[in-house]
Amino acid sequence: MVSRFPDPIRLGLARGWNVHGGPHGPVPERLSCDVAIVGSGAGGGITAELLARAGLSVVIVEEGPLRSSSDFRQLESESYPALYQESAARKTADKAITILQGRCVGGSTTVNWTSSFRTPTPTLAYWREHFGLDGMDPDALAPWFEQVERRLGIDAWLMPPNENNDLLRRGADKLGIRTGEIRRNVRGCWNLGSCGMGCPTNAKQSMLVTTIPAALDAGARLLVQTRAQRLLLPADRVEALECVAVGPDGSASGVATRITARHYVLAGGAINTPALLLRSGAPDPHRRTGLRTFLHPVVISAAVFDDPVEGWKGAPQTIYSDHFLETQPLDGPIGYKLEAPPLHPIIFSTTLPGFGRAQADLLSRFPNTQALLALLRDGFHAESPGGQVRLREDGSPLLDYPLSPFVLEGARRALLSMAEIQFAAGARSVLPVHELAQSCSTWAQARAMIDTLPMQPLLTRVVSAHVMGGCGMAGDTQRGVVGPDGVHWQLANLSVHDGSLFPTSIGANPQLSIYGIVNRLAAGLRQRLGAPATALA
């Protein structure tokens, strides 16, 4: 499908937006501004709109390309190389976890599945108790969440769930497990199901079609296919940001740009932001940078039903269950959130176990296949400390995330829970996504098999689309990289405004947490920079 809708990005470029890099012409060798923002995803987009509309001069640096609805043809073969980090194949150091992260204007908001949850109350309470974040409570954050929810159309999804999601609801209901409906950040959604490949109708209210255009209309400058290479740090402040032009594949072209600003905001995501600080030799007296990086490690269960499921059709995620979060102590055995992921051929085939004839047989049942996923809530227990971002020899980031026995024990319990729900919903067979698993035709058979599976990295298939932490907030320098205001403890003119702020995982899809918390941080930054009060459009 090629969109015939008006393309707001192409219309903006025709109006004269100040965009450079890649096909939009060379980036100037020198730039100066009030605020330089690295990254154009959830945190960078919110910050850019607020500051640009307040009259500050803003430069947004984005490593990925500028793609828009005219380019989104609902094709995995095109979207993954163009819109994702490492073509949707980014891995942890031991290759045991596949990480889906956006790499384009709008970042992961351009390619996520629109699920919108406020930060859970227990998570905020844990942050207050263990990290000294006294202002992080639901009442204090509510106005900031309300603003972004209005701005981005975050509301209840009024259409019936697709069959993939409704099977989660029906199976859970039969077992007495509570489910809920997921709010989505959409306006006029066509219910196509291809959110992960870029929205061809501009219904998804990502940063690509909301805050970034608003910032550009207010005079911000956008540099695309431009990598933030390092910060120049002569003392306790950032002197400049050095960038380099990159090709569509991320290879550096050697053309350098130097940006000087009053303030610098890092919003490149919870792998790239710590990596930039590490490349720059940023002060880190307590060795916190890159530590406690969390993923919500995800395990999956696939089931075959007699009737077609067609999991590629309709809103990707509309039903969830927090039953296995609410029945576990926050700091006890690892809990998990259940959702139903969309199914598309490439992601499906590269995630399923097996090869050759065995996988061909699985793929032949693709239209009748349903999937559940479990987001493991990491970061609340001593045996779930997350991972560590470090640098390869070439300076590129690498996340080392060991899958501990504690986490893998939670993965086993999650596979059991999902299989039971799928059989309760009427599944003909269930296949836990594990290299040694076999399809089971009864719940008793599945339970016996899952109980004996060796839960080890690489054998247990683990994926993630939620990267958090690595530059955690805290009320003191010993426990965090940045303070409660998002400002780096040792660099007075540097802030972090993305998911790397979180001192633990969220326990829910994190995009709305980033939007709401960064909304408050950006308003504070605007005030400190002496700009007039403003709010999101």
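Student: What is the volume of the largest cavity?
Tutor: This is a predicted model, in which local features need pLDDT of at least 70 and side-chain atom pairs count only at pLDDT 80 or more, while totals for chains, interfaces and linings use all residues. Residues are numbered from 1 along each chain as its sequence is written, and side-chain values use heavy atoms, leaving out hydrogens and water. On a 1 Å grid over the protein atoms alone, a cavity is a set of points where a 1.4 Å probe fits but cannot get out, and a volume is the space filled by probe spheres set on points joined across faces, edges and corners. For the largest cavity, that volume is about 110 Å³.

Student: Which residues lie closest to the centre of the largest cavity?
Tutor: The lining (residues with an atom within 4 Å of a point) holds 15 residues here. By class they are eight nonpolar, five polar and two charged (Ala, Val, Leu, Ile, Met, Phe, Trp, Tyr, Cys and Pro count as nonpolar, Asp, Glu, Lys and Arg as charged, the others, Gly among them, as polar). The closest to the centre are C189, L192, C195, C199 and T201.

Student: Is T110 buried or exposed?
Tutor: T110 sits in the loop between β5 (97–99) and β6 (115–116) (strands are DSSP E runs of at least two residues, helices H or I runs of at least four, numbered from the N terminus). Its neighbours in contact (heavy atoms within 4.5 Å), not counting residues up to four places away in sequence, include F72, C195 and L208. Because its relative accessibility is 2%, and the cut-offs are under 20% for buried, over 50% for exposed and in between for partly exposed (1.4 Å probe, protein chains only), T110 counts as buried.

Student: Which residue's backbone oxygen does the side chain of T110 reach?
Tutor: A polar contact is a pair of N or O atoms within 3.5 Å; within protein, one must be able to donate a hydrogen and the other to accept it, and residues adjacent in sequence count only if both atoms are side-chain atoms. For T110 the distance is 2.9 Å. The backbone oxygen belongs to V105.

Student: Which side chain makes a polar contact with that of S69?
Tutor: S69 is in the loop between β3 (58–61) and α3. It is buried, with a relative accessible area of 1%. At 3.1 Å, its side chain is joined to that of N202.

Student: How wide an arc do the buried residues of α4 cover?
Tutor: Helix α4 (residues 121–131) has T123, L124, Y126, W127 and F131 buried. Their arc, taken from the directions from the helix axis to the C-beta atoms, puts them on the same side of α4 because it is only 160°.

Student: Which helices are among those that cover these buried residues of α4?
Tutor: The chain just after α4 has G132, with a positive phi of about 65°. As for the cover over the buried residues of α4, it includes α5 (138–151) and α14 (511–528).

Student: What is the phi of K95?
Tutor: Most residues other than glycine have a negative phi. K95 lies in the loop between β4 and β5 and is exposed, with a relative accessible area of 52%. Although K95 is not a glycine, its phi is positive, at about 70°.

Student: And what phi does E86 have?
Tutor: E86 is placed in the loop between α3 and β4. At 38% relative accessibility, E86 counts as partly exposed. It too is not a glycine, yet its phi is positive, at about 50°.

Student: How far apart in space are E181 and A156, C-alpha to C-alpha?
Tutor: E181 belongs to strand β8 (residues 180–181) and, at 60% relative accessibility, counts as exposed. In sequence, E181 and A156 are 25 residues apart. In space, the separation is 7.5 Å.

Key:
On a 1 Å grid over the protein atoms alone, a cavity is a set of points where a 1.4 Å probe fits but cannot get out, and a pocket is an open set with protein on both sides within 12 Å along at least five of seven lines; lining residues have an atom within 4 Å of a point.
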